[in-house]
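Let's take a walk through this protein together, starting with its strands and ending with its charged side chains. Have a look at the sequence and the model first.

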Amino acid sequence: MLSATTMSAWAKTDRDGGRLSLVRHLADSAEVAKLLWDSWLPLHTRHAMSENLGGAEEGRAVLRWLAAVHDLGKLTPAFACQVRDLAETMADRGLEFPPALTNRKALPHGLAGQVALTTVLVERGWAKTAADSFGVVVGSHHGVPPTEGEASNGANQTDLLGRAEWDKSRRELLDFVTERTAGWDRVDRWRHFPLSLTQQALFTAAVIVTDWIASNQDLFPLDEARASSTAAPGAWQELGLPPPWSPQPVPLEDEPAVQRFVQGRFGWPESTRARPLQAQCVQLAAAIPEPALMVVEAPMGEGKTEAALAAAEVLAQRFGFGGVFVALPTMATSDAMFGRVHRWVERLPDTPSTMFLAHGRAALNKDFAELRSAGFDSIGVDCVDSGVTAHAWYVGKKGPLANVVVGTIDQVLRAALKTRHVMLRHLGLANKVVIIDEVHAADSYMSTYLCRALEWLGAYRVPVVLLSATLPPAQRDLLVRAYQRGRGDAECAVGAEPGYPSVTVWPHPELGGPVAASGRSIAGIEIEPIEDDAGVLAERLHAELADGGVAGVVCNTVARAQETYTVLLDTGFDESEVLLVHSRFVAGHRAELEEKLRAALGPPSGRALRPDRFVVVGTQVIEQSLDIDVDLLVTDLAPVDLLFQRIGRLHRHSRDHRPAAVAQPRCLVRGASWDAVPPEPVRGSEAVYGLSRLLRAALVLNLSAGRSVTIPDDVPDLVAAAYGERIEKPASWAEQMCAADDAWADHTAKQQQKAQDYLLPGPASENPTLAGWLVHDIPDDAEGVGGQAQVRDSEDSLEAIVVQCRGSEVYALEQVPEIGGKSVPTETEPSAWLAKKLAASTIRLPAYLTRSGRKERMIRALEDTWYPGWQRSHWLAGELVLELDADGTADLAGYDLRYDPRLGLLAVPAAEDRSTP
């Protein structure tokens, strides 16, 4: 039995005077760790954590032991002095406190526990490196590993650690919990098996989860009377964390079986056959002898997402993964994908129990909100009939631990970012098959983080499926090499064999190669350069659509899209015939516009009739997130891979009839002076994409003269040519192109160097432990989204809720769905329903408003609008507010802003005419 001295150590208190002893909290933690291992961690993760330890039972014992010792550092004066009456009780039991405790921050209790544990292990004959590999897990259980310097300094903090009686009591407690979890004989055997970096990260994450659960007072009240061995199973049942997804084997012995499998998973009739790419991905997943990287390159609309999801099920079943993570470029694409993945999940015979939408505004997504409200609203609430829920425990940083996660690529990139609790992201990804869609969208800055994330995924032996329609070969090679490094394989180029579609596989490249085309092909797409004049474009569209048809106009900047839309209306198009979509609409308004487009121009269905004559004008949102079909495409000059993404919306869906003038697919390219040699792109496009990539696109497509292309046949060669180092430059272009290429190379190098500042070390780091992992760590907010600006090299623009003031009353903006034009309280707290709707009424201000040191000034100007009632709302507290006047305008820090229902937000310097787009 423990002495009264050691039993006096406390771990938890509350405002009502409640107290929980340290020994009880450690016993609770050990029991939760056992349940976590047995009921929550997927098979593959357990194997990864047990590697070289001697089997899964040893891994289980390690986790129980580390959970049982994780708060050993609370038995120190530095921690115990925080509550006076409890400290006095400990002093009465023989634990003498120094007369003065200064600089307590030099020894947080995690570090104290690490110092105490490693000291004992070294005394027992452990090598220092082996002891550190276990001790650092204790030191890191609050999300930030101590540095070697902090550990060395901490060992010298005699007053903070406590002298002889404190050390004696800690050793007594350590002996007690060790004998009840693993036993010293077993623990001492582990000296021969130091934990690898991957094991340290996973064990740390698991201990963090264990500690969070064991510290939840709804589950584990501050009650000394209970026995942890019986209380923990009841608490676990009350928490209701569903087990990992465990898909059962499916018969895939022949082609008909594969067809039945794919048809069933997506609810297709027997007449709808899986495309060759989809069947091939399933067969590869069934044949690959170990978890692998698959790079799937196929045209737009070829069914890559379905191919990846079907393959993910097979991979998860074969190799013991407990879920799927689907990552996409933007919030808009993630929102659209969430519904698709949800429908897939519901059709699975072994339905994963939990889903999560991972991005900063997920709570405002209608599908996710409905799933959350239909499932677990709080601990202990039973699941409804639906097989999948959004469990209330999976919020914020814990969200990516759910079985099935859909989110922005930032959520994967942040696994390579120095930020607190990054180990949780590693655990969330290590548990799953990872799918990254539109991987070509990552620029050189993001690719630095993506490659490091792939290194870690390779080290964890996680199956990864990368999807792209337009992936440059050099970028594919970069990503494959990163996965190779993580696995510890010799780096080598794994170029896909000639052919498109194709699948590249590592570490078994012989299984990859070209895939038979589905037969879906658009031949002879005419590409024609046109003058960059909105009036000329309007005349052309009037002529082309004289007998009807749908045109899509894609602009590289919001300002160009607004100008184009305005000119079209001024030259005879009716408002019902033209629609503008871009990122500078209030969120709810934009969602409504996009849904209108999907209904009118999406796949043929009985929901809505396709308009007779229609023009959609937009920015890159059309390129990335909308499954729409146009008869004629007009686009600004853009990099060749993105041009093909846009062309993917041209004649995208099969239709019985298209007007004769637009029956042949054509793409008109503007946004440059074509008479210049080489062509001169407009300044806005050059600022967005860089001159080098624009000139290369113009060259390989021969845009000065015009040409035709066939999709998919021409895509890989043209993309490879545009990004190749040996592109043939005409003599008249050479000087300008070489200068542009040099400038782009310099820009790329600066991006990569900038990313290095906060890049997490790789799994092959020279440092054998997590020590110092997060030096220069990024602050993280409660929702786990605070690092987004660091994994994207983009302007740190501001977002604000938009309202309108008329007289003394404040109203929701007219264009906001459900609450448009309604009066909203500002002195009192709005209802939860109204507050949530207002929180969705946000707009992202143009980046140029915050450049050149203007950001702080802009924040101060927005903060002048402060509603006291809103500060009492979870949804609204602390949010910036853009208050418009009765005319829909605002004067903000030297800019005139106006919200136009058709154009979105307009912002010009106050000295200019604010009617100018």
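Start at Val554, which stands opposite Thr635 in strand S15. Keep in mind that this is a predicted model: local features need pLDDT of at least 70 and side-chain atom pairs count only at pLDDT 80 or more, while totals for chains, interfaces and linings use all residues. Residues are numbered from 1 along each chain as its sequence is written, and side-chain values use heavy atoms, with hydrogens and water left out.

Strand S12 (residues 549–554) and strand S15 (residues 632–636) pair in the parallel sense over four bridges. Two strands count as paired if DSSP finds at least two bridges between them. The names come from DSSP runs too: helices are H or I runs of at least four residues, strands are E runs of at least two, and both are numbered from the N terminus.

Zoom out again and you'll find an open sheet of seven strands, in the order S13-S14-S12-S15-S16-S11-S19, with mixed pairing. At its edges sit strand S13 (578–581) and strand S19 (707–711), each pairing on one side only. Ignoring direction, neighbouring strands of this sheet are turned by 20° against each other on average.

What lies across these strands? Helix H25 (residues 558–570) lies across S12, S13, S14, S15 and S16, running at about 170° to S13. Helix H28 (residues 640–647) lies across S11, S12, S15, S16 and S19, and runs at about 155° to S15. Such angles run from 0 to 180 degrees between N-to-C directions, with axes as lines fitted to C-alpha atoms, for helices over the stretch in contact. Contact here means heavy atoms within 4.5 Å.

On to the charges. Side chains of opposite charge can pair when their charged atoms come close. A salt bridge is a side-chain nitrogen of Lys or Arg within 4 Å of a carboxyl oxygen of Asp or Glu, and by this rule the count comes to 49.

One of them joins Glu31 and Lys34, with the closest N and O atoms 3.1 Å apart. Both lie in helix H2 (residues 22–39), three residues apart, about one turn of the helix. Glu31 counts as buried because its relative accessibility is 11%, whereas Lys34, at 24%, counts as partly exposed. The cut-offs are under 20% relative accessible area for buried, over 50% for exposed, and partly exposed in between (1.4 Å probe, protein chains only).

Glu255 and Arg273 also meet in a salt bridge (3.7 Å, N to O).
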